[in-house]
Amino acid sequence: AFNGIWKVDRSENYEKFMEQMGINVMKRKLAEHDNLKITIEQNGNNFHLKESSTFRTKDIDFTLGVQFDYTLADGTEVSGTWELEGDKLNGKFTRKDNSKVLITTRSIVDGELVQTYNYDGVDAKRIFKKQ
Ligand code: MYR
């Protein structure tokens, strides 16, 4: 269900979320127009993602339930896991610099990919359309 090429269409409270993450105003402005595109290929428990944005392109491989390292576009390093709960992907990642937890989910809602984010009391969403 997650397979496909997903292009960001709109965001909710993403700027506040990034502010809570400690990202400076200039990077936040750029990140609001990052044209993020995520290509997802799921094979059983294994995922291969291609992330592309105005910041970078990056390949990501992970297996459900298996911890992996990831570097956010601003350089922040995290480590954590994705797990599948029903039709929903639940991600829990811990920042290496301050040990705070970033919770994220991915689910398909009305044909759109909805990714939610929570960090330190601030919630945000980004909604992607299939190409
Ligand atoms: C992936 O599945 O895309 C890789 C793992 C994602 C880890 C958490 C992603 C949170 C991204 C938040 C970016 C906010 C900018 C600081």
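Is Phe 47 buried or exposed? Phe 47 counts as buried, at 2% relative accessibility (buried is under 20% relative accessible area, exposed over 50%, partly exposed in between; 1.4 Å probe, protein chains only). This is a predicted model, where local features need pLDDT of at least 70, side-chain atom pairs count only at pLDDT 80 or more, and totals for chains, interfaces and linings use all residues. Residues are numbered from 1 along each chain as its sequence is written, and side-chain values use heavy atoms, with hydrogens and water left out.

**Aromatic pairs**
- The whole structure holds eight aromatic pairs (ring centres of Phe, Tyr and Trp, the last by its six-membered ring, within 6.5 Å; planes under 30 degrees apart are stacked, over 60 edge-to-face, the rest tilted).
- One of them joins Phe 17 and Tyr 117, tilted, at 5.2 Å centre to centre and 35 degrees between the planes.
- Phe 17 sits in helix H1 (residues 14–20) and Tyr 117 in strand E9 (residues 112–119), so this pair ties together parts 100 residues apart in sequence (helices, H or I, have at least four residues and strands, E, at least two; both are DSSP runs numbered from the N terminus).
- Phe 17 is buried at 5% relative accessibility, and Tyr 117 is buried at 10%.
- Phe 47 and Phe 62 are stacked, because their ring centres are 5.0 Å apart and their planes at 10 degrees.
- Phe 47 belongs to strand E3 (residues 46–52) and Phe 62 to strand E4 (residues 57–63), so the link spans 15 residues in sequence.
- Phe 62 is buried at 5% relative accessibility.
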